[in-house]
Amino acid sequence: MIELCKDCPHNCGVDRIKKFGFCQAPKKIVVAKIIENFMWEEPCISGSKGALAIFFSGCNLKCSFCQNYKISNKVFGQEYTPKEFIKLLKSYDLNRFSCIDLITPTHYSSLLYNALSIEKLSIPIVWNSGGYEKPEVIEKLAKVVDVFLPDLKFYSAETSKKYTRISDYFYWASKSIIKMRELKKDKFKDDLMVSGLIIRHLVLPNEYHDSNKILDFINKNLKGTKISLMSQFTPTENYKSRKLYPLEYKLVLNHAEKLNLNNGYIQDFSSSAEDFIPEFD
Ligand code: SF4
């Protein structure tokens with residue numbers, strides 16, 4: 001039977017053996033880079049050992065400002081079937097890492113579900129996604145994923161369209177994150193999150209009003225959930241822009257404080273630097 005891909009809200013309905021959808025991914029898992037002992041995630045994710053970070057190729061969002069545009073706009077790297085992918089993960093001594101960090105995995109949802117269903121691994125599986133996902137896919141993934149770490153990037157349709165050409169981003173991301181919350185209770189072991197949800201939000205230049213609306217939504221619908229507010233926006237050679245102003249970031253932090261959203265992480269303003277972008281060669 002030919003499986004037509006409807007892994008994400010684009011619902012391309014293509015047979016990925018023969019044709020590409022929006023994400024340009026084939027019917028194999030494509031890994032662009034693996035970084036061992038990766039320390040750049042939130043402290044309860046990186047832990048003291050760091051993550052085994054798997055950067056996937058391609059993306060179902062392709063934000064114009066993407067820091068990892070070299071791997072999100074093109075699909076290149078090593079290809080794996082689900083069986084080969086779980087074998088790859090098992091080839092590492094997993095005791096050396098705090099978790100397995102699956103970075104931008106949404107367009108491989110079915111393949112990764114198949115891979116992770118083969119065998120339960122000894123460290124938490126973190127689903128580090130852009131948020132443009134379907135609740136029914138999240139429901140399936142919750143059986144094999146321990147921690148959801150989605151972005152909630154844009155609130156208004158105008159904002160999401162401006163940066164991704166997608167106007168229904170918030171509709172799908174909000175529903176998917178609510179589903180994640182329903183399915184995963186926060187659990188910790190020695191300061192490491194072993195189950196749960198953290199919502200990430202990157203503040204963009206000129207968009208602090210949109211950021212504040214996202215905080216209002218979280219306050220109303222997901223109170224108590226850990227939030228990670230980020231200031232690391234960095235212009236790239238692919239996206240020329242001014243940097244984020246400290247005042248814009250401060251306005252968002254003030255709004256979070258006003259709403260008493262104090263469970264989570266705040267990135268230092270000095271974090272906006274090229275150092276956060278791994279080399280993809
Ligand atoms: S995962 Fe890719 S091919 Fe499948 S629906 Fe989404 S964008 Fe289209």
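These legends go with a set of close-up views of a predicted model. Residues are numbered from 1 along each chain as its sequence is written, and side-chain values use heavy atoms, with hydrogens and water left out. Because the model is predicted, local features need pLDDT of at least 70 and side-chain atom pairs count only at pLDDT 80 or more, while totals for chains, interfaces and linings use all residues.

**View 1. Glu-41 and Arg-200 meet in a salt bridge.** The structure holds 11 salt bridges (a side-chain nitrogen of Lys or Arg within 4 Å of a carboxyl oxygen of Asp or Glu). In this one, the closest N and O atoms of Glu-41 and Arg-200 are 2.4 Å apart. Glu-41 sits in the loop between strand E1 (29-38) and helix H1 (43-46) and Arg-200 in strand E8 (residues 192-202), so the pair ties together parts that are 159 residues apart in sequence. Helices (H or I, at least four residues) and strands (E, at least two) are DSSP runs, numbered from the N terminus. Both partners, Glu-41 and Arg-200, are buried (under 20% relative accessible area, with exposed being over 50% and partly exposed in between; 1.4 Å probe, protein chains only). Glu-42 joins in too: Glu-41, Glu-42 and Arg-200 are linked in a network of salt bridges.

**View 2. Lys-90 pairs with Glu-119.** The salt bridge here spans 2.8 Å, N to O. Lys-90 belongs to helix H3 (residues 82-90) and Glu-119 to the loop between helix H4 (109-118) and strand E5 (125-128), so the two hold together parts that are 29 residues apart in sequence. Lys-90 is partly exposed at 44% relative accessibility, and Glu-119 is partly exposed at 33%.

View 3. An α-helix has 3.6 residues a turn, so residues three or four places apart point the same way. Lys-179 is buried, at a relative accessible area of 18%.

**View 4. Two tilted ring pairs, Phe-38 with Trp-40 and Phe-56 with Tyr-108.** The whole structure has 18 aromatic pairs (rings of Phe, Tyr and Trp, its six-membered ring, with centres within 6.5 Å; planes under 30 degrees apart count as stacked, over 60 as edge-to-face and the rest as tilted). For Phe-38 and Trp-40, the ring centres are 5.5 Å apart and the planes at 55 degrees, so the pair is tilted. Phe-38 is buried at 8% relative accessibility, whereas Trp-40 is partly exposed at 40%. Phe-56 and Tyr-108 have ring centres 5.6 Å apart and planes at 50 degrees, so that pair is tilted as well. Phe-56 lies in strand E2 (residues 51-56) and Tyr-108 in the loop between strand E4 (100-103) and H4, so parts 52 residues apart in sequence are tied together. Both are buried, Phe-56 at 1% and Tyr-108 at 0%.

**View 5. The buried side of H4 and what it packs against.** Ser-109, Leu-111, Leu-112, Tyr-113, Ala-115 and Leu-116 are buried in H4. The buried residues of this helix pack against E1, E2, H3, E4, E5 and helix H5 (135-141), where contact means heavy atoms within 4.5 Å.

**View 6. A ring cluster and a charge over a ring.** Ring pairs join Phe-65, Tyr-132, Phe-154, Tyr-163, Tyr-169, Phe-233 and Tyr-239 into a cluster.

Notes. Lys NZ or Arg CZ within 6 Å of the ring centre and 35° of its normal.
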